[in-house]
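Please look over the sequence and the structure below before reading on. The briefing that follows takes up a few places in turn, grouped by topic.

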Amino acid sequence: MPEPAPPRVPAAIQPVFEEIVAVTDAFCDQHLDAEYAELCIKVAAKLARKRPSPLARGDRRISAAGIVYAAGRINFLADPAQHPHLRTDDLADLIGVKQTTIADKGRLIMETLRIGLMDPEYTRRDMLDRNPMAWLIQVDGFVVDARSLPEELQMQAWQKGLIPYVPEARG
């Protein structure tokens, strides 16, 4: 599988972005997994493209911790039924930032990017099938589950970026 293209980030914020991603990558490598690292990069890149970027100010470690918290919150990282699983207090201890600080920064990031729990753009692949928001689309004024549509319509929805993949093609 080819390496994904590096995210587009404004040149002025690139050094800050790289510093923050180095922290999230190291944390995810040691305590979570590669998919969480990818999600953190995606969140950080989106924050870097905001004008003005919220990454440009404040402590980089706190920004990194907030990004990990936000990615984890979207995917229920604190739920013991999930794998990987990490409680918020453990996350705070491991990354070296107070729990209230992480939670505040994570919520601010989610508000800034207008993302919530199970946001399809930031949902882990293993959770997409169980995420109803990833599959609901509007057809002729009616909201339907795209998985119930014929493959041809699923393909059109996928090509327009409305669903994450074509279930029929995945088999």
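**Asn-75 and its surroundings**

Setting aside neighbours within four places in sequence, Asn-75 is in contact with Tyr-36, Leu-39, Gln-82, Tyr-122, Thr-123, Arg-124 and Met-127. These values come from a predicted model, and the points below should be read with that in mind.

**A loop residue and a helix residue**

- Asn-75 is found in the loop that runs between α3 (60-74) and α4 (88-95), and because its relative accessibility is 1%, Asn-75 counts as buried.
- Ala-71 lies in helix α3, and since its relative accessibility is 1%, where buried means under 20%, Ala-71 counts as buried.
- When neighbours within four places in sequence are left aside, Ala-71 is in contact with Tyr-36, Leu-39 and Cys-40, and Tyr-36 and Leu-39 are also among the contacts of Asn-75.
- From C-alpha to C-alpha, Ala-71 and Thr-112 are 14 Å apart in space, while 41 residues apart in sequence.

**The hairpin**

- Strand β1 (residues 136-139) pairs with β2 in the antiparallel sense, over four bridges, and within this pairing Ile-137 stands opposite Val-144 in β2.
- β1 and β2 form a hairpin with two residues between them, and in the turn Asp-140 has a positive phi of about 50°.

**A nonpolar surface patch**

- Val-143 is found in strand β2 (residues 142-145), and because its relative accessibility is 59%, Val-143 counts as exposed.
- Together with Met-133 and Leu-136, Val-143 forms a nonpolar patch on the surface, and the three have about 300 Å² of accessible area together.

Technical notes:
Residues are numbered from 1 along each chain as its sequence is written. This is a predicted model: local features need pLDDT of at least 70, side-chain atom pairs count only at pLDDT 80 or more; totals for chains, interfaces and linings use all residues. Side-chain values use heavy atoms; hydrogens and water are left out. Patches are made of residues with over 30% relative accessible area and no salt bridge: like charges are joined within 9 Å, nonpolar side chains (Val, Leu, Ile, Met, Phe, Trp, Tyr) within 5 Å. Accessible areas come from the Shrake-Rupley method with a 1.4 Å probe; for residues, only the protein chains shown count as cover. A salt bridge is a side-chain nitrogen of Lys or Arg within 4 Å of a carboxyl oxygen of Asp or Glu. Buried means under 20% relative accessible area, exposed over 50%, partly exposed in between (1.4 Å probe, protein chains only). Contact means heavy atoms within 4.5 Å. Two strands pair if DSSP finds at least two bridges between them.
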